[in-house]
Amino acid sequence: MAKISSSGYRFPPPHNGLNVNFCKDPKCANFGVAETPIRPYRAKGTEPQVGDYISVSIGKNEPRMKCSLCGDVLPIRNNASIHEELDRLSVYLNPTPEPSCPTPNCIMHAIPLTEGGKSYVAFGTTAAGTTRWRCKICGKTFTSGGKPTRKHKAPHKNRDVLMLLMNKVPLSRIEEITGLDCKSLYGKIDFIHRQFMLLAQNREQILMKRPSLHKMYVAVDRQMLIVNWSSRKERRNVQLSAIGTADLSSGYVFGMHLNFDGNMDPEQLEQDAANAGDYATSEP
């Protein structure tokens with residue numbers, strides 16, 4: 001029998017309103033219905049009610065959730081972890097931070113330009129015509145606005161790189177065609193990615209500000225991507241999963257989300273998991 005938490009849940013409780021632990025059978029009355037917390041004891045032979053689930057196991061530290069109505073056995077997910085991943089994937093929707101004083105120990109550091117008042121003064125322009133500002137507290141200068149390509153030495157090649165990438169040309173061939181070295185090519189790929197994310201941010205922030213959204217039908221598909229080994233010490237191919245979602249009526253693609261976080265250090269992550277005792281507990 002599963003332990004009941006102080007909140008009255010037998011399974012991982014909701015996190016910030018998110019709960020993915022429910023029956024996935026569309027024909028079942030429990031479809032989309034999470035467990036009923038603080039559920040009273042149900043005597044043997046009594047008919048189960050909507051929201052009733054029981055805990056079962058398929059092996060050591062492998063608990064599962066069983067729907068009391070249709071009998072489907074379901075994996076259990078950690079709602080807090082899913083919410084954390086949702087925040088990571090949605091970070092591009094956060095407003096782009098305003099420029100501020102770049103000096104870490106200055107009292108104006110992280111104070112936006114529009115809120116700095118008289119502590120910021122205009123200080124001419126750069127060679128590219130970008131407005132330069134100076135912090136009156138520490139004297140440090142910084143820029144605001146300007147074209148995204150202002151620091152590019154060959155901005156005319158951005159389009160070439162984009163078209164070649166969209167036509168699945170290998171990176172080594174792109175270097176030969178454009179005359180770019182490896183570092184410059186990867187820099188342009190990062191630039192193109194940032195511009196696309198800003199475009200998505202601009203469009204989807206408008207969508208998020210609407211008081212209500214009309215009913216949407218979305219199509220979801222999954223793709224498995226095989227990448228080459230990442231180091232000479234561990235020559236194993238790596239399989240990544242990507243999930244794409246598109247609106248059926250407009251064809252707008254909400255995202256192609258990859259289960260990879262480039263900001264993580266794998267070795268440090270493994271050590272943190274071991275120190276926290278994650279490997280001795282069940283997955284959910």
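## Reasoning from cut-offs

Trainee: What makes the sulfur of Cys-138 too far from its closest cysteine sulfur for a bond?

Mentor: The closest cysteine sulfur is in Cys-101, 3.4 Å away. A disulfide needs the two sulfur atoms within 2.5 Å. So the distance of 3.4 Å is too far for a bond. Keep in mind that this is a predicted model.

Trainee: How many disulfides does the rule give?

Mentor: The count is 0. Cys-106 is likewise in no disulfide, as the nearest cysteine sulfur, that of Cys-135, lies 3.8 Å away.

Trainee: Why is Cys-106 called buried?

Mentor: Its relative accessibility is 9%. Buried means under 20%. Cys-106 therefore counts as buried.

Trainee: And why is Cys-138 called partly exposed?

Mentor: The relative accessible area of Cys-138 is 36%.

Trainee: What makes Asn-16 stand out in its phi?

Mentor: Asn-16 has a positive phi of about 50°, yet it is not a glycine. Most residues other than glycine have a negative phi. Asn-16 sits in the segment before S1.

Trainee: Is Asn-16 buried or exposed, and how do you know?

Mentor: Exposed: its relative accessibility is 62%, and exposed means over 50%.

Trainee: Where is Ala-110 found, and what is its phi?

Mentor: Ala-110 is in the loop between helix H1 (79–89) and strand S4 (120–125). Its phi is positive, about 75°, although Ala-110 is not a glycine. At a relative accessible area of 55%, Ala-110 is exposed.

Trainee: How do you know that S1 and S2 pair?

Mentor: Pairing takes at least two bridges. S1 and strand S2 (residues 63–67) are joined by 5 bridges, so they pair, and they run antiparallel. Ser-57 stands opposite Pro-63 in S2.

Trainee: In what order do the 3 strands of the open sheet come?

Mentor: The order is S1-S2-S3, with antiparallel pairing.

Trainee: Why are S1 and S3 said to stand at the edges?

Mentor: Strand S1 (53–57) and strand S3 (73–74) each have a single partner strand, so one side of each has no neighbour in the sheet.

Trainee: What makes Asp-265 a cap for helix H5?

Mentor: A side-chain oxygen of Asp-265 lies 3.2 Å from the backbone nitrogen of Glu-267. A polar contact needs the N or O atoms within 3.5 Å. Asp-265 caps the N-terminal end of H5 (residues 266–276).

Trainee: Which residue follows H5?

Mentor: Gly-277 follows, with a positive phi near 80°.

Methods: Residues are numbered from 1 along each chain as its sequence is written. This is a predicted model: local features need pLDDT of at least 70, side-chain atom pairs count only at pLDDT 80 or more; totals for chains, interfaces and linings use all residues. Side-chain values use heavy atoms; hydrogens and water are left out. A polar contact is a pair of N or O atoms within 3.5 Å; within protein, one must be able to donate a hydrogen and the other to accept it, and residues adjacent in sequence count only if both atoms are side-chain atoms. Helices (H or I, at least four residues) and strands (E, at least two) are DSSP runs, numbered from the N terminus. Buried means under 20% relative accessible area, exposed over 50%, partly exposed in between (1.4 Å probe, protein chains only).
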